Amino acid sequence: MSSKRSLRRNSAPSMDDSYFNPSLGSSSSSSSNMFSSMETSFQQQKSPVPSPSTSNNAARTHQHRLNAAQEQRTYRDSCQRLISHIHSVVGICEDLKAANKDKFPIFYPMQQKPTITRSQTLEPSSSSSSQILEAVRRSSVTQTGPLEQQQRRGGVGRLPQELNILSLDLKVGHSSTDLSSLESKSIANLLNDRFDQSLSHLSKLQARIADTSSKVLVTGDLNAGKSTFVNALLKREILPADQQPCTNVFCEVLDAMLNDGLEQVHAIPAVELYNRLDPNTYHVVEMRHLYKVITEDYEHYKMLKIYANDARTTQESLLHNGVVDIALIDSPGLNTDSVKTTAVFARQEEIDVVVFVVSAENHFTLSGKEFLWTAANEKTHIFIVVNRFDSIRDKDRCKRLILEQIRQLSPATYADAEDLVHFVSAGSVDLEPGSRKLDAPDFARLEQRLRAFVLENRTKSKLMPAKNYLVNLLLDINVLSEANAKKSSDAYAQATMELEQDLPAYQHLLRVRDRLLEQVEKVAEQAVSSVQMHAHNRLNQAVEHVGSAIGRTIEYPGILLIWQYAQDIADSMVQTLLDQVRQEEQHARQETAVCLERLHSMGTENMGTYDMAADVSKMCVKNRERRVVISVETTDFFDLVLDDKLSGAALSFGAAAMVGGRMLGFKDAVSSIWSVSNLMSNQGGNLRRWVVPIVGVASVGFLVYVVSDMRSAVERKLVKKFKQAVRDTGYVQAQSHRIARESRKVLRVEGWEIQNRIQKAIENKEQKRSETEQVALVSKETAEYFASILSKSGLILEKVEMIQTDTTYSTLKETA
Ligand SMILES: Nc1nc2c(ncn2[C@@H]2O[C@H](COP(=O)(O)OP(=O)(O)OP(=O)(O)O)[C@@H](O)[C@H]2O)c(=O)[nH]1
């Protein structure tokens with residue numbers, strides 16, 4: 001800048017060329033109108049009939065005016081572009097903030113040691129993740145071209161530790177908080193705080209760009225004539241000037257138009273809370289009491305805003321001329337107490353220009369030097385006014401000495417000393433209202449240089465901070481977006497791979513379920529059928545042979561106790577069958593246990609070890625009545641199985657046998673009875689005499705026969721009766737069914753266990769797959785989201801970087 005300025009120094013300043021010149025300006029207060037009218041008037045201005053030198057001057061003047069108009073257009077264009085980009089970035093920040101809060105919590109890349117190269121950081125970790133990212137980028141940034149363009153735009157591939165505005169390097173006390181120890185939610189909250197801060201700063205920057213006014217801080221040593229200088233610039237005695245140090249508070253003089261045209265002083269206790277529209281944030285002081293507030297009541301206030309009407313016309317006005325409105329801030333004189341406060345004040349971004357007023361009589365004091373040392377580092381160029389030059393006798397010597405001091409204190413200012421260092425007498429400026437007296441040329445020149453300097457710094461202090469901030473913020477957004485897009489696309493690739501790898505196992509599990517359950521059912525049913533068949537056969541056999549053991553197991557107690565004997569036989573048969581049923585139950589348990597083992601091993605083969613669920617000991621435990629009950633009846637002792645004829649013959653035979661004292665065979669007895677019968681029919685009366693004894697003998701014989709046959713009769717009949725009862729009740733069928741049912745019940749428990757386990761395994765797998773699918777889906781959406789943010793912010797960044805913020809000062813200076 002200094003070299004540029006040195007070159008420009010050759011062009012002679014012309015007061016007439018100033019576009020602040022009333023004759024050229026527009027009466028409109030709108031800056032845009034001003035710009036347009038300036039341009040039009042420059043273009044429409046007709047050259048007088050020229051002499052060669054006047055012709056050259058006119059041409060140069062014309063060119064300067066065109067340049068100035070161009071500068072204004074460029075500035076206005078840059079402002080508009082920046083405001084529009086700030087809008088877009090605000091949108092991105094709000095979008096990211098909302099996403100960070102609800103949908104896509106932002107992953108904050110922790111600081112890593114830069115062991116990888118920039119190009120390596122751009123290499124995606126897996127081909128599929130890169131494909132998503134690339135596909136998303138291609139689809140959303142078709143006009144931006146290949147990835148390299150994005151890299152060139154900046155941000156992409158930057159290391160996380162290069163985060164600037166959105167950096168979360170938290171300092172608590174003297175030590176840095178370890179971010180890795182924070183939960184992602186806390187980090188998301190911290191990031192949202194950063195977004196809030198950025199949004200608030202963006203809104204300030206936007207307001208600042210939109211604001212056409214520029215702030216000039218006037219500072220300097222005590223009594224150097226700062227207030228006098230401000231009054232001289234305003235051509236009006238607004239601030240009190242005194243031989244005694246009197247300015248004790250920062251006093252900002254602004255155009256009364258900014259206060260609805262009202263001349264007022266707002267005495268502000270807390271500057272950060274000041275809102276002109278909220279009277280609670282300030283005290284209104286009348287202009288005539290300004291001196292009192294500045295000199296006596298200053299302790300209550302941090303700042304005074306003095307809304308004043310400019311004494312001059314719009315075009316001459318400093319406070320409000322339509323192109324750049326200047327607010328002048330008079331500050332308390334520097335001393336050891338105030339130097340730091342003023343330096344901090346001067347460092348504020350909204351201060352466009354710092355004017356340092358030094359008394360030509362006193363040169364720089366220690367405080368002044370200290371201020372220049374610190375402030376010069378921040379603002380680089382300081383506008384220096386050497387005041388009270390009228391009281392110096394040896395002016396050249398004074399100039400030499402002061403310039404030498406400036407060379408040491410602010411080399412940049414020294415390099416442009418012709419423009420930035422002015423030796424004037426502010427006290428000599430005519431402040432008479434309505435006075436048409438021209439100012440001394442050196443003060444008029446100072447004023448023009450100051451206006452040009454403000455214009456130059458307006459770009460620096462308004463556009464450059466906004467541009468730099470936007471660039472830094474967009475670079476940070478790019479870093480975050482790229483890290484998040486990459487992480488999400490990696491997660492998507494990982495999830496997709498897991499799903500693919502897991503698919504065969506899942507399908508196998510489904511097949512196993514169908515096959516295994518079918519096998520389990522089959523094996524269990526086979527076992528149950530076998531148990532049932534076995535029980536059926538064995539019980540049938542037992543019933544068939546139920547009487548065979550009677551003689552062996554029950555002792556015949558004689559005819560007198562034959563009833564008891566019959567009862568014992570009945571009980572014995574019942575017990576025998578019952579024993580057999582129990583044996584079958586036991587057998588069924590054994591068979592079921594064997595089958596259970598088989599089922600269990602089928603289950604463990606496919607699902608790993610687990611405890612058997614079924615318990616065979618629980619089979620057939622219910623104490624149900626399983627007896628075949630038969631009751632002993634009198635008829636059970638007589639077995640009259642022969643038909644009537646055979647019975648009668650038997651009886652005759654029995655009687656004859658008894659009478660004859662010997663036993664006859666059954667055949668003989670029948671023929672005897674037959675012959676007796678014939679005889680009776682032939683001989684009538686003779687035989688009748690024999691009937692009674694014969695019947696008697698037969699009866700006795702019958703009785704004897706019945707008694708002697710009673711034991712076997714009861715056995716036969718009870719066995720027969722028992723078998724009949726078994727048949728009638730379907731006992732064997734029922735018992736074999738029951739035993740089979742019990743077996744099935746137990747086997748089913750194990751079957752269900754297998755079914756449940758395999759179902760659970762499938763459900764677990766499905767649950768896991770569904771979670772992984774969800775991860776894949778969210779990761780894909782997240783990757784797409786951040787890739788689109790990356791693309792948007794990359795585009796904006798490219799445009800922001802193209803915004804011109806370097807004003808051609810020579811144009812401004814020469815036309816000013
Ligand atoms: N001879 C002469 N005296 C001046 C000039 N400018 C200011 N003064 C006088 O210097 C004294 C101090 O002026 P101020 O404007 O109050 O100085 P200041 O720097 O604002 O003072 P503080 O704010 O109190 O530090 C006044 O008496 C002015 O009249 C000048 O150019 N020439």
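## A predicted model, region by region

For residues 690-708, an unreviewed UniProt entry lists the feature "transmembrane region". The model described here is predicted.

**The pairing of α15 and α21**

Helix α15 covers residues 441-544 and helix α21 covers residues 731-802. These helices pack at an angle of about 170°, and their axes are 5 Å apart. Because angles over 145 degrees count as roughly antiparallel, α15 is described as roughly antiparallel to α21. The residues of this contact comprise 42 nonpolar, 20 polar and 12 charged ones.

The table gives the separations, taken from C-alpha to C-alpha.

| Pair | Separation in sequence | Distance in space |
|---|---|---|
| Pro441 and Val424 | 17 residues | 9.4 Å |
| Glu544 and Val719 | 175 residues | 9.4 Å |
| Gln755 and Arg513 | 242 residues | 7.5 Å |

Pro441 belongs to helix α15. Pro441 counts as exposed, since 9 C-beta neighbours lie inside 10 Å. Asn540 is likewise found in α15, and Asn540 is partly exposed, with 15 other C-beta atoms within 10 Å. Glu544 also has its place in α15, where Glu544 is exposed with 11 other C-beta atoms within 10 Å. Gln755, by contrast, lies in helix α21; Gln755 is partly exposed, having 17 other C-beta atoms within 10 Å.

**The surroundings of the ligand**

How many residues surround the ligand? There are 22 of them, and the closest are Gly225, Ser227, Thr247, Gly333 and Gly427. Helix α8, which spans residues 226-234, gives the most to this shell, with three residues. Sorted by class, the shell holds six nonpolar, 12 polar and four charged residues.

**Two loop residues with positive phi**

Most residues other than glycine have a negative phi. Against that background, two residues may be considered in turn. Asn223 is not a glycine, yet its phi is positive, near 65°. Asn223 sits in the loop between strand β3 (213-220) and helix α8. Is Asn223 buried or exposed? Asn223 counts as buried, because 22 C-beta neighbours lie inside 10 Å, and the cut-off for a buried residue is 20 or more.

Arg388 likewise has a positive phi, of about 60°, although Arg388 is not a glycine. The loop that holds Arg388 runs between β10 (383-387) and α12 (395-409). Arg388 is buried, with 23 other C-beta atoms within 10 Å.

**The buried face of α10**

Which residues of helix α10 are buried? In this helix, made up of residues 338-347, the buried residues are Val339, Thr342, Ala343 and Ala346. When the helix is seen down its axis, the buried residues of α10 fall within an arc of 105°, so they line one face of the helix.

Technical notes:
Residues numbered from 1 in each chain as written. Predicted model: local features only at pLDDT ≥ 70, side-chain atom pairs only at ≥ 80, totals over all residues. Buried ≥ 20, exposed ≤ 12 C-beta atoms within 10 Å, placed from the backbone. Helix = DSSP H or I, 4+ residues; strand = E, 2+ residues; numbered from the N terminus. Arc of directions from axis to C-beta. UniProt positions renumbered as here; feature names shortened; annotations may be inferred. Near = placed C-beta within 6 Å. Nonpolar A, V, L, I, M, F, W, Y, C, P; charged D, E, K, R; others polar. Axes fitted to C-alpha atoms, helices over the stretch in contact; angles between N-to-C directions. Parallel < 35°, antiparallel > 145°, perpendicular 65-115°, else oblique.
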